[in-house]
Amino acid sequence: MRSFFRSLLSRSSVPLLAAACSLIASICCQTARADSSVTLIATSAADTSAQPDCVILLHGLARTSKSMRPLAEALQAANYHVVNVGYPSRKFPIVQLAELAIAPALAKCREHTPTNIHFITHSLGGILLRQYVSNHNIPELKRVVMFAPPNKGSQVVDKLKNVPGFTALNGPAGKELGTDADSLPNTLGPVTFDLGVIAGTRSINWILSLYLPNPDDGKVSLENTKIEGMRDFLSVPVSHPFIMKDKNAIRQSLNYLKLGHFIHDKTLLPPKK
């Protein structure tokens, strides 16, 4: 079936490229209006008598901090201070976004003088963190979980970045996420921090998936979420736009922050509430 659609794509690329951009827009439009400034939503830990770790959340491209709210609530219940960052992902290149979003989030975390600072990111958020730590030391940095990060770029960007409307929908940062050797993710090198990656294997966007090697999540191939230096890797049957809200993915991320690994034996997962 996929080979049939690939053949169709080669014969009528322009209309399908336009349709692909339209599908991207349909996913992004509900949050685009809020994508205009940096916001820091700080949430105190459930147990205020302790001195808990702090977790910084970084959303993906054309999303807002609202997309990370279920994760923030789970972290608060697990007794973490949480700083849920909203940043204008479609307005600036990745280098500027990294400074704009992460520096004030670290300052907010440090108001509680935590021993450890963790990050959980979705998609572009993971690339912002890699960019930031390439230029800055974070002494308190303990563990990081990335949901669906384009660590080696995405073939979708390779195919669509020059299509009219792509930059309007995805901004300069979106155009930097290709797979060529000079793309920003591929110039950052291996990670040197404690990292676990959770990647999706289900797509709700069959047009974009035509550009991606299987398995993929509709935006990034499974293989391109991986990065040299990561400590653990897990795939889940979830699509790119919803992986950070998936209950199993959230539970796995909390386990990684606590123990430094995912639970690969599903029988050991705690029951769903």
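What share of the 273 residues in the chain is buried? Buried residues make up 53%; buried means under 20% relative accessible area, exposed over 50%, and partly exposed in between (1.4 Å probe, protein chains only). The model is predicted: local features need pLDDT of at least 70, side-chain atom pairs count only at pLDDT 80 or more, and totals for chains, interfaces and linings use all residues. Residues are numbered from 1 along each chain as its sequence is written, and side-chain values use heavy atoms, with hydrogens and water left out.

View 1. Helices (H or I, at least four residues) and strands (E, at least two) are DSSP runs, numbered from the N terminus. The chain exposes about 12,000 Å² (Shrake-Rupley method, 1.4 Å probe; for residues, only the protein chains shown count as cover). Carbon and sulfur atoms supply 55% of that area. Contact means heavy atoms within 4.5 Å. Among contacts between residues at least 6 apart in sequence, 77% join residues at least 24 apart.

**View 2. An open sheet holds 7 strands.** Their order is β1-β3-β2-β4-β5-β6-β7, with mixed pairing. Two strands pair if DSSP finds at least two bridges between them. β1 (39–43) and β7 stand at the edges with a single partner strand each, so one side of each has no neighbour in the sheet. Neighbouring strands are turned by 15° against each other on average, direction ignored. Strand β4 (residues 117–122) pairs with β5 in the parallel sense over 5 bridges. His 122 has Phe 147, in β5, as its bridge partner.

**View 3. Two helices meet the strands: α4 and α10.** α4 packs on the sheet and touches β1, β2, β3 (81–86) and β4. Its direction makes about 155° with that of β2. Helix α10 (residues 247–259) lies across β2, β4, β5, β6 (194–200) and β7. It runs at about 160° to β5. Axes are lines fitted to C-alpha atoms, for helices over the stretch in contact, and angles run from 0 to 180 degrees between N-to-C directions.

**View 4. Cys 54 and Cys 109 form a disulfide.** The structure holds 1 disulfide (a pair of cysteine sulfur atoms within 2.5 Å). Here the sulfur atoms are 1.9 Å apart. The link joins distant parts of the chain: Cys 54 in strand β2 (residues 54–58) and Cys 109 in helix α4 (residues 94–110), 55 residues apart. With -75° about the S-S bond, the link is left-handed. Cys 54 is buried at 1% relative accessibility, and Cys 109 is buried at 0%.

**View 5. Arg 110 and Glu 140 meet in a salt bridge.** A salt bridge is a side-chain nitrogen of Lys or Arg within 4 Å of a carboxyl oxygen of Asp or Glu. By this rule there are 6 salt bridges. The N to O distance for Arg 110 and Glu 140 is 2.8 Å. Arg 110 sits in helix α4, and Glu 140 in the loop between α5 (124–133) and β5 (141–147), 30 residues apart. Arg 110 is partly exposed at 34%, whereas Glu 140 is buried at 17%.

**View 6. Further salt bridges include that of Glu 223 and Lys 152.** Their N to O distance is 3.5 Å. Glu 223 and Lys 152 lie 71 residues apart, each in a loop. Glu 223 is partly exposed at 43%, as is Lys 152 at 29%. Lys 108 and Glu 111 also pair, at 3.7 Å, N to O. Arg 143, Asp 194 and Arg 231 are linked in a network of salt bridges.
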